[in-house]
Amino acid sequence: MSERIIFWLWCVLLLCPLGANASLRIFACEPEWGALAQELSGEAAVVYTATTAHQDAHHIQARPSLIAQARRADLVVCTGAGLESGWLPLVLRRAGNSRIQVGTKGFLAATNFVPLLERPRRLDRADGDVHAAGNPHIQMDPRNILRVAEALGQRLAEIDPQHGAGYHQRLEAFSQRWQAAMQRWQQQAAPLRGMPIVVYHRGWTYMNHWLGLRQLAELEPLPGVLPTSSHLAAILEGLKSQPARVIIRAPYQDPRPVQWLHEHTGIPALELPFTVGGNEHATDLFGLFDNTLQLLLEIGP
Amino acid sequence: MLKLGGDIGDSSAWQGGLSALSAEVHDRASATSPPDTVAAFSGDSDLYVADFVYKWAPAGNPDQRNLKLQTEFFYRREQGDVALREGGSAALLGYKGRQSGWYAQAVYQFVAHWRAGLRYDRLTADNRLQVLETSGFSSSADAIAKSGFADRGHDPQRWSFMLDWSPSEFSRIRAQYNRDESRANASDDQWTLQYIMTLGSHGAHLF
Ligand SMILES: [Zn+2]
């Protein structure tokens, strides 16, 4: 008797998502890809973003709500290159949704469409939580956003051909607006070239590459390892001979080591949004870059 | 088996599970009857298990502070006969047993690398036996005692407190204190210090 009730509950739980919504469902791992998917799909899709700017995308737990969302998704858009290796494989496995598994049309890894920097020459745990495929934090170079947009626009049209023309139109319109914005950003950011910076985690490599910023140090002694006092002391020593203009961290990172270094050096501490939703100005991808440049320019080279 | 879960805002998530198992048992031996005695239970056995997990972290970011509450409850109900043999003696007993157990624990990471936890465990049993037929045993009480199916009239419980420090994702040092009241008329104070090391690539972050 009880087995029969439980059997029916299972059926209801598994089947109800199928008929729930006719429009395309997109599961985005990080806010930047959620925002991009929304730009490119408009009304044609419902976008769920699995993480916020206040969470560390390296360390997310495969909670029930993520599994439930992945179960009903038609397309998963993630960073890839190992960023989500601690949780996404489990979410995909538990979701039991064959449309979105790695290698299918329903799974898009943004880093597959971008030339990756910082590919490690050797892999050793002694070097910390190193990303084996290269640095996955690609979103702070707007040229990468455009590369991913092109791939994502194509993919949307492929898996939802009914709205194919609409996706192509939206991609075209987004690319034009984005290219115009990139020109503006490039001009605004020209004075920042060569600006010496200190960062918390190796998350700004692509922004540095784009703007020509010079990264002097990372507060993490090894990638993914929390700052230690001995490492901070070593950075403090190094900054005496080679000072930086700013100490940068993302909203999800501990402000205390940054504050400590600021107090001991007088170098301004700066929280940059890092992704969409990182502060009240970074409400979309355009706002993310507008605000990041504005904050950097306020400090100045 | 049924599992349900969800989020409460950005900071909290929960998961609850229920499962039930029904079995018809034939000749399951008692583990606690004396060595030269054979006692076997036949009848119906139903097991129910419920579990609940709640997690909290400020803005969903557990790096600095987070809390995990967890509880699990099981209940077993059995009804049937116990066939008992000891040398030339034999008896048939009617058996109706209910056992339950549960634990609740809270683990709080109050600063990066440091966690404190509290846990309570308890087991209860209410087993009733009635002698239906007997030959060779000195009394009904003797047959019931030898079956090993009677409860002890004591509910074991344990309190635990722990504090641990994880210098990295792969190692952990834990100090733990247990007050163990498993035995009927004595309690044990246990102190342990453990070093826990994880080898190989780190596993997925399970809920
Ligand atoms: Zn990283």
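Buried means under 20% relative accessible area, exposed means over 50%, and partly exposed lies in between (1.4 Å probe, protein chains only). This is a predicted model, in which local features need pLDDT of at least 70, side-chain atom pairs count only at pLDDT 80 or more, and totals for chains, interfaces and linings use all residues. Residues are numbered from 1 along each chain as its sequence is written, chains are lettered from A and ligands numbered from 1 in the order in which they are written, and side-chain values use heavy atoms, with hydrogens and water left out.

**View 1. B:Glu78 takes part in salt bridges with B:Arg28 and B:Arg76.** A salt bridge here is a side-chain nitrogen of Lys or Arg within 4 Å of a carboxyl oxygen of Asp or Glu. B:Glu78 is buried because its relative accessibility is 1%. Its closest N and O contact with B:Arg28 is 2.8 Å. That pair links distant parts of the chain, 50 residues apart: B:Glu78 sits in strand S4 (residues 66-86) of chain B, B:Arg28 in strand S2 of chain B. Helices (H or I, at least four residues) and strands (E, at least two) are DSSP runs, numbered from the N terminus. B:Arg28 is partly exposed, at 27%. The N to O distance between B:Glu78 and B:Arg76 is 3.7 Å. B:Arg76 is partly exposed too, at 26% relative accessibility. Elsewhere, B:Arg115, B:Asp164, B:Arg172 and B:Arg174 are joined into one network by salt bridges that share partners.

**View 2. A:Glu271 and A:Arg249 form a salt bridge in chain A.** The closest N and O atoms are 2.7 Å apart. A:Glu271 belongs to strand S8 (residues 269-271) of chain A and A:Arg249 to strand S7 (residues 246-249) of chain A, 22 residues apart. A:Arg249 is buried, with a relative accessible area of 10%. A:Glu271 is partly exposed, at 34%. Over all chains, the count is 26 salt bridges.

**View 3. A disulfide joins A:Cys29 and A:Cys78.** The rule asks for a pair of cysteine sulfur atoms within 2.5 Å. Here the sulfur atoms are 1.9 Å apart. The torsion about the S-S bond is about 55°, so the disulfide is right-handed. A:Cys29 lies in the loop between strand S1 (24-28) and helix H2 (31-41) of chain A, and A:Cys78 in strand S3 (residues 75-78) of chain A, 49 residues apart. A:Cys29 is buried, at 0% relative accessible area. A:Cys78 is buried at 0% as well. The count over all chains is one disulfide.

**View 4. Strands S1 and S2 of chain B form a hairpin.** Two strands pair if DSSP finds at least two bridges between them. Seven bridges join the antiparallel strands S1 (residues 2-8) and S2 (residues 12-29) of chain B. B:Asp7 stands opposite B:Ala13 in S2(B). Three residues lie between the strands, and B:Gly9 in the turn has a positive phi of about 65°.

View 5. S7(B) gives the most, with four residues. B:Leu199 lies in the segment after S9 of chain B and is exposed, at 68% relative accessibility.
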